[in-house]
Each structure stands twice: as C-alpha cells, then as structure tokens.
Amino acid sequence: MCASRTLRLPAVPDSNMFRLRYFLSLVALGGVAFAYLTFFPADLSLVESASPEYSEHRQRLPLRNGWRFFKYESAEVADALIYDVRPKVTDDEDGKAADAMPTAAEDTPQADRQVLKPWILPSANDFIRNPQRRFERPAGSPGSDFPFTRADFDDGDWQPVSLPHDWAIHGPFFAGEYAPVGGGMGRLPSPGIAWYRNKLDIPAADAGKQIYLDVDGAMSYAMVWINGELAGGWPYGYASWRVDLTPYLDFGGVNQLAIRLDNPPASSRWYPGGGLYRNVWLTKTNPVHIAQWGTFVTTPSVSAEAAQVEMTIAVDNNSAQAVAVRASTDIYALDINGAPRGPKVASTQAAEQPVPSGGKAIFNMAARVREPQLWGPPPTQKPNRYVAITKLLNGDGEVVDRYETPFGIREIRFDAERGLFVNGERIEIRGANQHHDLGALGAAFNRRAAERQLEVLREAGVNAIRMAHNPPDPQLLELTDRMGFLVVNEIFDVWERKKTPLDFHLIFPDWHEADLRAFIRRDRNHPSVIMWSLGNEVGEQYTGEAGAAVASRLHDVAKEEDPTRPSTVSMNYAKPHMPLPGVMDAISLNYQGEGIRDAPAYQGLQGIRTSPLYPDFQKQFPQKVILSSENAAAVSSRGEYLFPVEEGISAPVADGRGGDPGSQQVSAYELYTAPFGSSADKVFRSLEQHPYVAGGFVWSGWDYLGEPTPYYGARSSYFGIVDLAGFKKDRFYLYQSQWRPELPMAHILPHWTWPERNGEVTPVHVFTSGDEAELFLNGRSLGRKKKGEYEYRLRWDDVVYEPGELRVQAYKNGEAWAEDRVVTAGAAAVLAAETDRAQITADGDDLAFVTLQVLDAKGNPVPRAHNAVTFDLQGPGEIIATENGDPTSLVPFNALQRDTFNGLCLVVVRSQAGREGEITVTASSPGLESATAKIVTTL
C-alpha cells in the first residue's frame, strides 16, 4: 500500500439500525474497531460498543487503522524537530533504590538550534485558568518542509500498524549489565524517536464544523502536523489531549496527518511503552458545542428517597458571532451493559444565555432523581449508573449538540476515626496498586486484558485500585465504574525534582497546571474515583516550605476543578511535623504506617528508617483520614521455594536469604521484601492495630514490566500477588484469606515434589480464612494449630520431607471449614489447556487467555516442569503473545515457543475482525501428550 491510501470519515445519520449496518460493512472491510458513544462506558451493547458514534450534531470516529510507522535506529540519526533541548545524562543508575531521595533538576543547556516548544505550549491554553499566563503561538510552522509531514512523501515502505500500538513490546530484550535499556525500564526498546502517518478524507459537507484530534495517550513528547502545518501536541506521555485541526484542513480533500513521538532514555522507573499506545479519535462538532470534558455531575444530597443531581456545563463558541444557547438535560438509568433503559428518571429546567464569539459560557443545572439506585462497591452494594443527556439548542430552536455523561449517584464520606463510608456503609479499603502495562501485551491498552486483571484481583478480595503513578487509559475507569472498584486516581510520579535524569520533571514547570486540570476534567464524572493523588514519593518532601508551596499550588488547582473529592500526595519520607503533609486533605503513607527498615531483620540497611507512624500522624492531624497508599512491597517468584526459610514474619530479600543470584529468583514462602518493605503479615498486623486507618493498597496487584527488585538482570517485577502472566502466587491466597473471610478456603505451600530433599526439614505454611487447621502427611497428623493474636498464617516449620500427600483441614469456630492437598508428582507426561472464555467477539480486539499446564500420567500438576512448548493456531484468530510468569525470561513476547515456568504457560489469542468460526489452539512438547483449546468467535 502506498501513500495514496485514505481513511474515509463520512458523516451519516444517527440511527441504531444504520450503526449496525455500518458496523457490518466495516467488518467486511476488516476495519472495525472498538469505539464508544461520546463519554459513554465501554461496555455498551454490540451496536453501541462496536461502532463509531454518528449523529448530525457530533461524531467521534476511531482512527484505528491505516497508520504507517517509522522509528529511527538511534537519536543520533533522527531529525532535528525537537520539542526542547535536554540535560546531558551523567548519572543513570539502573537498579537505584526505589526510595532513594529525588534530586534537583539539572540545568538545561542553552538551545543551539530551533526548538518547537513555543508552538506546542498553546495546546495547553484551555487548561490554564489565568488568561495572562496562556501562550501565544509564534508565526510560522516548523517542519512544514520536512518530508514526513508532507502529503507527497511516499511512506509505502513504512510498517503498517493499527492502534493502540506499543512499538517496543516485541523486543528484542536487551541483556546484560550495561544494556542500552536496563531492568528498571524493562529491557525493551521503548526509548526512541518515531513517526506515525495517516491520511484523512474529510468530506466537503464537514466545512463549517470543528474537527479535533483526540488522543487518549501517546508516549511521549507528541507533536502533530496536518497538511504540513504544526497544529500542536502534548509532552506528557500519560495525558489525554486534543489538537484543533480545523484551521489546517482541506475539506473535500485528502489530509495528511503526521505525529512525531520522542521517548527519552532514562526517563522512567518502570516500563513506559512507546508509541500511540491508546486510542486516537477524530471528533467533529458544530462551532457551538459542549467543550472537551465540559460537563461535571455531582450529587450533593443523597438519600433513599431522592438524590439532588447538579451539573455544570461548559459551552464553547467557535463561530464568528455571539449566539444565544438554550441547554437542557434528561437523566436515564443505565442497564448492566451500560445502555440507557426505561423512560427518563429526571430532567433539568432549560436554561438560556449568550455565548460570546470565541468564548465560553457555563450553565448550572439541577434535577431531582427519586428513589435513586446508588453506585457502590460489591459485594454489599451494586455499581448502578445513570447517564445525563444534554442538548444544546440555538436561537432558532435547532439542536446543535448532544452530549452524554455517564455518572453514578453515591455518597462518599471520609471519617478520621473510622475511615471510608460509601452510602453510609463503612468500607475497608482492600486495595492494590497497578501499573499501566498489560504484561506481555505491553502498554497498548486492551479492554479485555484490563478487565481480566480486575477480575483476578476481585477474586483475591480487592475492592480498590490505586493508579500508580499516572493517569490511566479512560477505558480502565469505565471498567472500574461498571465493576464497582474504588479508585485513587494519581497523576504524577515527580514534580520539579527528578528520579531519573530525563523524567517528566523537565516539563512539570510548564505543564503541571494544564496536565492536572485536563486529568481531573476527564475523570471527575467517574463514580469509582474517590480521591485525587497529586504525587507519589515526590522529591519536594525533602525541601520543606518550598516543597509545600508546590503541593499547595496543585491542591488549589484540584479544588478549583473538583471541590467534592479530597486530594492527597503519597509520602514515604515526610513526617507529621513537616510542612507538606498539612497541605493535603488526606494523609497517604507509603510504607511509613507499618514502619520502614524498623524490624530486627532490617537493621544495618541504608536508606529511610522510620518507626510505625500511624499514631504520630493521627495525633498531628486528628481531622484527616489516613490511608496506606502503598504497603508490603513483598517479592517472590511463583512456585520458587528456597531454603532455609526465614524464622520471622518479615525480612529483606538478599542473596542466600530468600534470593538466588544465580537463577535471579526469589522464594515464594512470601516472607521476603524490598529493603523498605514489609511482609503481608506485618502489614495486616499494623492495620489491625490501627483501626482508624481507612485501609491500604498492596504493592502490587500484578507483576509489571520493569523495576525487577532485587535482580535487575531480570525484565519484570517480583512485587505482584499475581505474576505477569496472570497466574496466582501463594501470596494471592494470603490476601484472600484476610480480605474474603466469608470464603471457605485453605492453601498449602510449598508444593510437595522434592526428590532431593528426602529426610530434610521442609517447612509447610497454610493460608486460610479459618481460625485453625490440622496438617496431615500421608495420613499422619502433624498437629492442629490455631491462629494467635495478629497471626495470619499457620506454620509447621519442622516437617521432614517424604513423598506422598500433604493435606490440611481448616476449621472455623470449631467446625470444618475448608481443605487443601498437594501430592508428589511423577514425570511430566501430559499438557492440559484451559481457556478463560470459550466464546469471544469477532471484532479484531477481543482476547482469549489460554492457560497451559504440565501434568503427570495421573493428572497431577508437575510443579517444577520447565518444558519447551510450541503453539499453533487454526481458524479466525491469531496468537499475539505467550508468557510464563518468569521475571528473568528474555524470550520475546510474540514467540510461538516458550518454556513452561514451574508448570504453567499462557497463550493470548485475538479474534479477527468480521470472521466468525472456531479457533483451535494446539500446544505440543517433545515427549508429552499435546493439548488443544477451542474458542468460538461470533459477531
């Protein structure tokens, strides 16, 4: 395909039947993509979720296909169209302690060539409150003569890609101590400079409309050209943003879109991904329309009888004259799939006011919903939702815009003595921190992959997610809304002081206000969001009043955008007497609640050292709620058990003490932590001893790419209670035993296949939601034990290994409660395959996750199997990734052959757009019986 291809973007009627027909026609052309009604949840019915939004007033079209991609081999051979000059990197230390003190920014050298920042900064103007501080675009258009921005450039030999696209995830991995990208950033080639190009056919009928490019996320320093003109951009790679294409378009002609990205090395503490890794949209409106993220719905008064729903609506006027606009809103309930159901439940009174040319007007409206169905977290509440449909009419009574805002009706209250209340019910926060990558799929967002992560965490009892440490894909918040997770939404990992040489401290001074306002406006209608976190372990904790002043500026911006939710900053250093904690509404502590390096096993370690500080913070701030925004930071490799076993309940991992430097694996006895961390047992004890704490967020829910403490020769973390493939570690069951006390469960560790340990002491631990248990080895009782005060596991540390069966019977209140058993496995003989879903949608985006397990001839799992497996697929799908949960594996994720890791392996299958049928996945390994999994794809 050459440069003459186009992506046609027609205007069509607003008709559900037409949408279905258009969806089917796109499928036939292989061009279907996930799209959603504007600001609508992602879980709509087939017609609404699989087709673009079309109406005579507003269109939102996915730019999924037709892209061409080019990445320079190195920065040295790249073009000179730079956003700004950067400091020279002199101190990039891979594996630097995660709680090392951030340092002052380096001086940026004087620019010795033209930089494009002055042309990009005006993209922020809509999110800068003071008109005097907004940016004026310079004359001219840098890059207009550069071939990649021009329509006559032939990009036919560039790589064709569809979005979302992560340019780095297929590797290859970099190995070695002095690799170009080390373990901290995941050993994948995410740094670099690249271009994306697409051609847009804008109908002549669109003349007179506003045409915007909306980007959910681009990593990073994005700059956009259209028809050779530099239209704008946005540097923060996690931000969602908009560029107005209207002044530069050829209506009725083909328009060349070109986007340049520049992802610096040494710019992140984890894997950032690279590219247009989230959705990109073309939005068309009339000149008079509701502004980007222009509605804000609040529910200041909620009862069983009625809820007061209040709205502010921002209206933009891009026309040449002032206009009188009338606005009104109808409210409907949403069904479980996110579609409006039944008649409207409330309406606002129409309001009218003039909107000046080139200006904005704010409408304030209210309605009363009787007997509201409240949004709240399961299992005791339901995540019910509503949608507000707002119409704008001009002076002639014609509808000029229609805008849909999903929201939830709920009452959130934070109590300094008792924690969080949702709709009057105290909810203990049982949370998990989550990074943005999706494991083997990388940073490119996929809704089903994210949903699977949440489903597994919910099984553990997780009811809350902290977005670490950046704005998520908007679809993730649509999932947390639908599924009923509470969310602490976080925006920055750094402010003005740096953690890595080229991280986002470089742009913070220019962009923090716009980034923060855009972030809150985008997400403030999500009922799942209960708190804004404005920073994570920022260096300004160390700078006294100066750091507090930065915090105060951010806090004030957050309150201007959303006065209904508390704001916080997560602190791993700031103490109660320091100025920064006093600025925020809530006290969020990273590791300080249970103490950092304060237990006997941690003596002698270098770094931050504090005693447990919940009492001191409560005494200093008796009116502020306290939560544990990060805790644990325990580490383990699934299925790896190293001896001897720690006698205490928490110890820092070290070579020979829970860690093996040869294999780079960490023991799964779940007692070992990062130097600044604590075991789950210690965290549970601390929270139980301080019941006024609202709860906490474990670091982390899933393993993630990068930050492989303690072995930076690896490529992914050891922190998760779930490994990178989605397989549960033993620690998963420890959390489940505490977070789902009503669930009868018991879990034994380790496995019981140890031919080399005959006659040796092999400790056995049990996690159970019961209060006591009896352990049996080959039918002989090894004793019945009861949990003591502040005990969360049962230990038989003197068990002498002999092959056979290990069984535990758990009890609760004296009654039999649950049991578990492990047996000694024979030789590997059989592969078994199981898929998470037998049917998926044939839309080119839906996924099935197939788990492969190695069994012996009797059907028992072989827990130490490391067999090479080859995968094959037949039917209307494709294998897009394989993974086994081994943090040390440097096999590319798109490989079709992979070793099992401790008996397990994962295959990720994607449907093909418009192709129904049966997919057969076959797994084979020399000497083993093959396995197949079947998946049906339907439209």
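**Entry 1. The model.** I am working from a predicted model, and I keep that in mind for each entry below.

**Entry 2. Strand 31 against strand 32.** I checked how these two run. Strand 32 spans residues 658-660, and strand 31 lies parallel to it, joined by two bridges. Which residue of strand 32 is the bridge partner of Asp655? I found Gly659.

Entry 3. A probe the size of a water molecule, rolled over the atoms, shows where space is left empty. I count twelve cavities of 30 Å³ or more in the structure. I picked the second largest cavity, which holds about 190 Å³.

**Entry 4. The lining.** I listed what surrounds the second largest cavity and got 19 residues. Nearest its centre lie His435, His436, Met467, Pro472 and Leu476. By class, I find eleven nonpolar residues, five polar and three charged in this lining.

**Entry 5. Where the lining comes from.** Which elements each supply at least two residues of the lining of the second largest cavity? I noted helix 4 (447-460) and strand 24 (464-467). Helix 4 gives the largest share, three residues.

Key: Residues numbered from 1 in each chain as written. Predicted model: local features only at pLDDT ≥ 70, side-chain atom pairs only at ≥ 80, totals over all residues. Heavy atoms only, no water. Pairing = 2+ DSSP bridges. Helix = DSSP H or I, 4+ residues; strand = E, 2+ residues; numbered from the N terminus. 1 Å grid on protein atoms, 1.4 Å probe; cavity = no way out; pocket = protein on both sides within 12 Å on 5 of 7 lines; lining within 4 Å. Points joined across faces, edges and corners; volume = space filled by probe spheres on them. Nonpolar A, V, L, I, M, F, W, Y, C, P; charged D, E, K, R; others polar.
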